[in-house]
Amino acid sequence: TYGAIYRFASASPSGHYQPGTEAESTLLICPRGSYCTDQLAKNFTLCGPGTYQPLEGQDSCVTCPIGYFCGDFGLAVPRICPPKYICDERG
């Protein structure tokens, strides 16, 4: 017997992440413009182009609505379609 001790990482609730090891880390809420779906997440994921997330602690992003533009990563609010452009599709 080698006396090895195995511990399973505890799962973070959806919308949260745990950046360090279980023993040394605090459970953090995912910020606006991001999401956390993996229950063992060490970090949050920024919403991709075509999406946004206005709320903290979410497990998905929202598709950009018609009349708005979401061209960057990590948007917390969609941007109004710029003048002289047509934003007639979602995302």
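Analyst: Start with burial. Buried means under 20% relative accessible area, exposed means over 50%, and partly exposed lies in between (1.4 Å probe, protein chains only). C61 has 23% relative accessibility, so C61 counts as partly exposed. This is a predicted model: local features need pLDDT of at least 70, side-chain atom pairs count only at pLDDT 80 or more, and totals for chains, interfaces and linings use all residues. Residues are numbered from 1 along each chain as its sequence is written, and side-chain values use heavy atoms, leaving out hydrogens and water.

User: How many disulfides does a search of the whole structure find?

Analyst: A disulfide is a pair of cysteine sulfur atoms within 2.5 Å. The search finds four. Count the bonded cysteines along the chain, and the pattern reads 1-2, 3-4, 5-6, 7-8.

User: Which cysteine does a disulfide join to C47?

Analyst: C61, with 2.0 Å from S to S. The pair links distant parts of the chain, 14 residues apart. Strands are DSSP runs of E, at least two residues, numbered from the N terminus. C47 sits in the loop between β4 (45–46) and β5 (51–52), and C61 in the loop between β5 and β6 (62–63). C47 has a relative accessible area of 0%, so C47 is buried.

User: Is the link of C81 and C87 left-handed or right-handed?

Analyst: Right-handed, with 75° about the S-S bond. The sulfur atoms of C81 and C87 are 2.1 Å apart. By contrast, the link of C47 and C61 is left-handed, at -90°.

User: Are C30 and C36 buried or exposed?

Analyst: Both are buried. Their disulfide has its sulfur atoms 1.6 Å apart. With -120° about the S-S bond, this link is left-handed.

Definitions and conventions: Helices (H or I, at least four residues) and strands (E, at least two) are DSSP runs, numbered from the N terminus.
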